[in-house]
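User: I have a structure open and I'd like to learn how to read it. Can you walk me through a few features?

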Amino acid sequence: MISFSVTALVFGVVFLAELPDKTALAGLVLGTRYRASYVFAGVAAAFAVHVALAVAAGSVLTLLPQQIVHALTGALFLGGAAVLLMKKDEDEEEIRRPENQSFWKVSGAGFMLILVAEFGDLTQIMTANLAARYDDPLSVGLGAVLALWAVAGLGIVGGRALMKRVPLKLITQIAAVLMTGLGVWSLWEAVTG
């Protein structure tokens, strides 16, 4: 059974954490050079792999005693908030242009770009953290993958327009505040539990 509240919370946290990341920019660049649907197919597949790995890692953490899990997740959330607040604006990465516009070349380029660039990324760590926190792999996985797909879609279709309307710094600060709140809450539960 999927928990709507867990899925929505995970979606919000992952969406806000990923929006200022290089993924939106990479999607924007790929989307301006190639057919958007081909780019999205590759990017979406790579994110599905990342979420599956993160949820599996987080599910392993649930085998530990609950107080240790709360302490670990609290520390990771606070660390993630610090990373977001200290992160400098990222430059546009050089993206190799596939030889032609075939589905497999374009989606393969998008898949490899995201697979390599996002491995061990903050949102992957946060997804593992949320999977451990809520012990609900389906809800966490669904929320995370939908958030990542939404950010990729926004980046591919109209990332530049969104970033002009909503300051990136504000998005980053909101994500950091949410992660700080989750971190403090988790640490509180570790101490009082």
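User: Which residues does Leu-9 touch, not counting residues up to four places away in sequence?

Analyst: This is a predicted model, by the way. Leaving out residues up to four places away in sequence, Leu-9 touches Tyr-134 and Leu-182. You'll find Leu-9 in helix H1.

User: Why is Leu-9 called partly exposed?

Analyst: Buried means under 20% relative accessible area and exposed means over 50%. Leu-9 has 29%, so it counts as partly exposed.

User: Okay, now helices. How do I describe two packed ones?

Analyst: Two packed helices are described by the angle between their axes and the distance between those axes. Take H3 and H6: they pack at about 40 degrees, with axes 7 Å apart. That angle makes H3 oblique to H6. Their crossing is right-handed.

User: Which residues make the contact between H3 and H6?

Analyst: From H3, they include His-50, Val-51, Leu-53 and Ala-54, and from H6, Gln-124, Thr-127 and Ala-128 are among them. Sorted by class, the contact has nine nonpolar, five polar and no charged residues.

User: And how many residues does the largest nonpolar core have?

Analyst: It has 36 residues, and among those with the most contacts inside it are Val-10, Val-39 and Met-179. Helices H1, H3, H5, H6, H7 and H8 each supply at least two of the core's residues. H7 gives the most, with eight residues.

Definitions and conventions:
Residues numbered from 1 in each chain as written. Predicted model: local features only at pLDDT ≥ 70, side-chain atom pairs only at ≥ 80, totals over all residues. Heavy atoms only, no water. Core = buried A, V, L, I, M, F, W, Y, C linked by side-chain atoms within 4.5 Å. Buried < 20%, exposed > 50% of the residue type's maximum accessible area, 1.4 Å probe, protein only. Helix = DSSP H or I, 4+ residues; strand = E, 2+ residues; numbered from the N terminus. Contact = heavy atoms within 4.5 Å. Axes fitted to C-alpha atoms, helices over the stretch in contact; angles between N-to-C directions. Parallel < 35°, antiparallel > 145°, perpendicular 65-115°, else oblique. Left-handed = near helix turned anticlockwise from the far one by under 90°. Nonpolar A, V, L, I, M, F, W, Y, C, P; charged D, E, K, R; others polar.
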